[in-house]
Amino acid sequence: MGGEMRKHPTIICRCNDVTIEDVERAINEGYTDLESLRKRLRIGMGPCQGRTCIPLLIRLLARKLGKKPTEITLPVTRPPVVPIPLELFLKSKDVGGERK
Amino acid sequence: MPCTRNLLSDRRIWSHPILTFKRGRKVKFFFEGREVEAYEGESIAAALYAIGVDIFSYSIKLKRPRGAFCMIGKCSSCFMKVDGIPNTRTCIEPVREGVKVERQKGLAEIPTNGGESDVEDEEVLETDVLVIGGGPAGLSAALATAKYGLKTVIVNEHFKLGGQLLKQTHKFFGSKDLFGGLRGFQIGEELSRKVMGNPNIKVLLQTVAYGIFRGGWVGLAGKNKLYRVKPKAVIVASGASENFLTFPGNDLPGVMGAGGAQTLMNEYGILPGDEVLTVGSGNVGLIVSYQLLQAGAKVKAIVEILPEIGGWFVHAAKVRRYGIPILTRHTLKAVWGRERVEGATIVQVDEKFRPIPGTEKDIECDLVLIAVGLTPDTRLFAQAGAVMRWVPEAGGPVPLRTRYLEVSIPGMYIAGDASGIEEATTAMLEGEIAGLSVVTKLAGPKAEVIERREKLLKFLWDEYRASPLMARAKAGKESVTVSEEEMEEIRKWNPPFVSFGVR
């Protein structure tokens, strides 16, 4: 794992190791919105849930498409918005009440 | 600079011109099977950084070394295996006697020894108000609702209350009413003490709100327990996360958010680096550079891509007095080093921010600070379906809200940096305003409450934000603040799928 001195990739998504080249390639292949880029590259779908990469991705995509960042449609946010151990759902006894 | 330091070196700051760091008792724990020491009250990530551990994990696909980055539980760079549990955020996990910490290498395996876990049954919490986030905005909000007899639950992701106040070592401006003259961490401690001692407030530490569901239920997850709450009002004060940049080597340990470095240095008294290059000359970049200098580091330069310095003159003058060059029209081209930062290459840019070939310059350093702004953390609003707008001046997409800080989800309120990037004073003001709005809604309009709220609103909008220094932030907040009537209209066109409290 001894790294090289000066040859490093540019990482956009730290959680899933997505590089700027990966994103540029996908945009060139026609994945030109955040939803499909997420599905193609898993970018923004790691444990930080896009908190570092989505703002970067929006700027990069806007530049590539000649748009303003504010014109890029944001991806859908679904629960859980933070990663939580699956164990909590598996092992805790449901207390009833309204269905989630 | 040597590229790796000896394990068991000590990066703790033992003498500082203005600060003394309170450290808990010594504890022993295990890193990669080896017994090491820490001080109680430190996070695992801070304790490891203090003894010279730069690499917390190797990434899942490219096996890149990853180290301390945000230090406040927002990113995933500090994930380690803690007592056998992978993907533990070690920056918000307190170090304990005997805890076993290991580096993750690649994608973590699901632990198979599931028999000994202590998961408790889910609990339904009865409360009037749920406050999400224990920083300046959330604490102020909870104190306001509790003051008027509302039962309040406050959840906080970190094991300590206070949020980013805890790393603010500068004295606040303003009147006594606004904590003027106190240092940020002192304000944080004072607010935390008041909240902890308030019989109407239940505090849940290391607990996150993971989603908002039909019928007005909110799901909370603690370390070993789930909760569900159906509050009459929710105040979300989830703060912000630091912006990042794209350049080769941007994930090497030693590339750190300016806020992350501040957490290490000001909250834990650990020097984040010896030789520093700062990227971004806004107030955060300037202030942290100055604080690094005070703590004993050498700041080699501050680079700024724009033709002028972003931060206030008073802060720029201070760092310049100490001989730190502020290089405008410069940017970071790349960072290099074997397993951590050993240096960076900067380059001059033209009017269109394009690098000018031949102007590259290498700077040896072991810390590259990224101080290029913050993005509000608004995911709970997005998930709940609140109507949002992207506002560059606010730092990203933020929900529309009334003057009283209610968003398009009835009974859901916003305060602090989540509502648009400003700073701790406005966060405290917004927190109290949101809290008083909830009081007005749930307990009926009381003259005293309305009067106090109007006074705060007037001060916030007409005095505090009237300064030209706040013009940008003010414009951002103005563009997402709507009247009550406009909000009703917005709700007609975007019917909320969930609401809180009686309407």
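Predicted model: local features only at pLDDT ≥ 70, side-chain atom pairs only at ≥ 80, totals over all residues.

Colleague: Back up a bit. Where do the domains of chain B run?

Modeller: Domain 1 of chain B covers 26–109. Domain 2 of chain B is written in two pieces, 123–241 + 377–493. Domain 3 of chain B covers 255–374.

Colleague: And how many helices and strands does chain B have?

Modeller: Chain B has 11 helices and 31 strands. Its radius of gyration is 23 Å, close to the 23 Å that the globule rule gives for 503 residues, so chain B is as compact as a globular protein of that length.

Colleague: What does the C-alpha trace of chain B span along its principal axes?

Modeller: About 65 × 60 × 40 Å.

Colleague: Let's do helix packing. At what angle do α4 and α5 of chain B cross?

Modeller: Roughly 30 degrees. Helix α4 of chain B is residues 258–267, and helix α5 of chain B is residues 283–294. Their axes come within 10 Å. An angle under 35 degrees counts as roughly parallel, so α4(B) is roughly parallel to α5(B).

Colleague: Is the crossing of α4(B) and α5(B) left-handed or right-handed?

Modeller: The crossing of α4(B) and α5(B) is left-handed.

Colleague: Which residues of α4(B) and α5(B) meet?

Modeller: From α4(B), the residues are B:Ala258, B:Ala261, B:Gln262, B:Met265 and B:Asn266. They meet B:Val284, B:Gly285, B:Val288, B:Gln291 and B:Leu292 in α5(B). By class, this contact of α4(B) with α5(B) has six nonpolar, four polar and no charged residues.

Colleague: New topic, chain A. What is its pattern along the sequence?

Modeller: Chain A reads β-β-α-α-α-α. That is four helices and two strands in chain A.

Colleague: What radius of gyration does chain A have?

Modeller: Chain A has 17 Å, whereas a compact globule of 100 residues would have a value near 13 Å. The C-alpha atoms of chain A fill a box of roughly 50 × 40 × 20 Å, taken along the principal axes.

Colleague: Last one, the interface. How many residues does the contact take from chain A and from chain B?

Modeller: The contact takes 42 residues from chain A and 55 residues from chain B.

Colleague: Which elements of chain A each supply at least two residues to the side that touches chain B?

Modeller: β1 (11–13), α3 (53–65) and α4 (86–91) of chain A. The largest share of that side, three residues, comes from α4(A).

Colleague: What classes make up the side of chain A that touches chain B?

Modeller: By class, that side of chain A has 19 nonpolar, 12 polar and 11 charged residues.

Note on methods: Residues numbered from 1 in each chain as written. Chains lettered and ligands numbered in written order. Axes fitted to C-alpha atoms, helices over the stretch in contact; angles between N-to-C directions. Parallel < 35°, antiparallel > 145°, perpendicular 65-115°, else oblique. Left-handed = near helix turned anticlockwise from the far one by under 90°. Contact = placed C-beta atoms within 7 Å. Nonpolar A, V, L, I, M, F, W, Y, C, P; charged D, E, K, R; others polar. Domains from an automatic or database assignment. Rg over C-alpha atoms; globule rule 2.2 N^0.38 Å.
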